[in-house]
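This report describes the domain arrangement, the chain interface and selected local features of the structure shown below.

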Amino acid sequence: MSIFEELQQAIIDGKAPVAKEVTDRGLKEGVRPSEFFPNAIIPAMDEVGRRMRDCEFFIPEVLIAARAARASTDILRPLLQGEESVKPAGTVVIGTVKGDLHDIGKNIVGMMLEAAGYRIIDLGVDVPPEKILDAVKQHDANIVAVSALLTTTMVNMKAIIEALVAAGLRDKVKVLVGGAPVTDAWALSIGADGYGKDAPAAVELARKLAPSA
Amino acid sequence: MTTSRERVTAALEHREPDLGASPVTGMQVDTVYGLRQRLGLDAPGTPVKVTEPFQMLGEIKPDLMQALGVDVIGVGRPGTMFGFRNEGWKSWTTFGGTPVLVPEGFNTAAEPNGDILMYPEGDKSVPPSGRMPKGGFYFDSIIRQPPIDDRRLNVEENLEEFGPIPEDDLQDLSREVERRYTETDKAILANFGGTGFGDIALVPAPGLKHPKGIRDVEEWYVSTITRRDYIFKIFERQCEIGLRNLERIYQAVGNKIAVVFVTGTDFGAQNGPFISARAYRDLYKPFHLQINNWMHKNTAWKSFIHSCGSIKALIPDFIEAGFDILNPVQCSAADMDPYKLKQEFGDRVTFWGGGVDTQRTLPFGTSEGVRKEVSERLRAFGPGGGFVFNTIHNVQARVPIGNVLAMYETVREAGRYPLC
């Protein structure tokens, strides 16, 4: 098995220590940090997404796969800065909306987007619109991804979009929304750019709405 | 059959509304207040008791039950999820401005940003275990995860909150069951606690002062794969304790209870099951079977499973595990069409829920939309019995009172057999 195949399998199997070891070994053998993403990490997480869609993988399997991917990306990210030709697929500001503390879904989306090559600025939970604005400006983000689990907090998604409009940033970012009570219709009604029903959908949406140059 | 209890206990065959009988069939306190005011049951400013502080559920008193036509009354152990008892009531005000009464142990502190912190057992000398964001309506657990050393993990650390029911609690429970049984004609739905294996709301142990073991929600889910044996052993011990408690409880209350809420572990997410059927069969089903088999062999109690989300793929296993009742029947989740559920499983299980969508219709729809959906659900779930009308999980805050009333009016008007 090649290094890339080994790493793919370690990620799909959710074996973080193996993913770390294979990544280290690959680097020692001369594999460039940027090569791991298109050849191993991204296809592995795409496969994880497929298995989730096909109900072969569930939340626990996706979590351990994402952790295994992170075990690899944690090693690679600092090294990517040394490769001038490498640019992230995009920069995503992610968080749960003001008033909402439920973050498992958001964390999985963040991990899958990171594994797909996006730079993630994770603001955590209970994020007010102004904090999102600050992060968009500071990190030159082109995607904002927010989630809500509660009917009482999903209403706060609209405030984010209004804040982006007021700050003159609306055309600069694509806004993706998700979470249990959220729907396509809701996303449309508040002026969001897209709704992702699960983490793989969020990745697809990011790729479609904000394709990397 | 004229009494509520007779209607419900007649094999749970008739559509009857349940409200507030359990922590998953209740109503957020702001909405209870609004309802009581609209119905003229209280003078303005009369506080409502918060009977379940984690979700801030309000007390459904007999006069409200009467007004709405509710047939089920709940009973449980005297403790709350935060570890203090429902006693020693004091005044408090919600962010929504609702005057409420909260238990004496409901001791909070305000963060600089306006969030409210809650403390386990009301003890403010230890780290807080719950947070209500500023302007919020419920608490969420604060994860207090001590560092994990897999070489030293001990299942007893994840069992601190499970133990023999204290004799005082047992006597209290017995008194409360007796009171409900003799002073009302309602069917009694009991939540004894202790048999919810892997209930993620309880894993962080908001009622413990210094929880040990695996308490982080994400870490718990991961552990169902990476520490499967550890989780299995926790459940084994929890089941032993649970069965011993059920034996003692049955000695104290007998068959005055109609239904027992066995588990509130959510096995479904919005778009599909949370775990595979294989994982359910491996980790949870053996223990559900033990609890349900004991109940069916030794009591007349019906067994109730609460699981949010898209769980159709798991329902055959739930039925095999011995559950008599499914709740909340989240029809807004994927693959949970009411007609198909009834067709496929209606002869083997009672649907306790599914009455109206609490994610969209009830909070954001029109009264007419609520009436239409409730009528539809009565037609879908009602035929042949095996249906207890309930909202899909608790009625949330910020639900228009007109919509809540439209729901109950429709149940009264359209919920008689033969259903049209």
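## Domains of chain A

Chain A comprises domain 1 (3-80) and domain 2 (91-209), with bounds taken from an automatic or database domain assignment. This is a predicted model, in which local features need pLDDT of at least 70, side-chain atom pairs count only at pLDDT 80 or more, and totals for chains, interfaces and linings use all residues. Residues are numbered from 1 along each chain as its sequence is written, while chains are lettered from A and ligands numbered from 1 in the order in which they are written.

A distance of 24 Å separates the C-alpha centres of domain 1 of chain A and domain 2 of chain A. Their contact involves 13 residues from domain 1 of chain A and 11 residues from domain 2 of chain A; two residues are in contact if their C-beta atoms, placed from the backbone, lie within 7 Å. On the side of domain 1 of chain A that touches domain 2 of chain A, the elements giving two or more residues are helix H3 (36-53) and helix H4 (59-80) of chain A. H3(A) gives the most to this side, with seven residues. Helices (H or I, at least four residues) and strands (E, at least two) are DSSP runs, numbered from the N terminus.

By residue class, this side of domain 1 of chain A divides into nine nonpolar, two polar and two charged residues. Here Ala, Val, Leu, Ile, Met, Phe, Trp, Tyr, Cys and Pro count as nonpolar, Asp, Glu, Lys and Arg as charged, and the others, Gly among them, as polar.

A:Ala145 belongs to strand S3 (residues 143-147) of chain A. A:Ala145 is buried because 27 other C-beta atoms lie within 10 Å. The classes are buried for 20 or more other C-beta atoms within 10 Å of a residue's own, exposed for 12 or fewer, and partly exposed in between, with C-beta atoms placed from the backbone.

Beyond its neighbours within four places in sequence, A:Ala145 is in contact with A:Val92, A:Ile94, A:Val109, A:Leu176 and A:Ala202. The C-alpha atoms of A:Ala145 and A:Val173, which are 28 residues apart along the chain, lie 10.0 Å from each other.

## Interface between chains A and B

The contact between the chains draws 26 residues from chain B and 19 residues from chain A. Helix H5 (residues 217-226) of chain B supplies the largest share of the side of chain B that touches chain A, namely seven residues. The residues on that side of chain B divide into 12 nonpolar, 10 polar and four charged.

## Backbone features of chain B

Most residues other than glycine have a negative phi, and most peptide bonds are trans. B:Asn327 and B:Pro328 are joined by a cis peptide bond, with omega about -5°. B:Pro328 lies in the loop between strand S13 (325-327) and helix H9 (338-345) of chain B, and B:Val329 is also placed in the loop between S13 and H9 of chain B.

B:Val329, although not a glycine, has a positive phi of about 65°; B:Val329 counts as buried, with 28 C-beta neighbours inside 10 Å. B:Arg398, likewise not a glycine, has a positive phi of about 65°. B:Arg398 is found in the loop between strand S15 (387-388) and helix H12 (401-414) of chain B and is partly exposed, with 16 other C-beta atoms within 10 Å.
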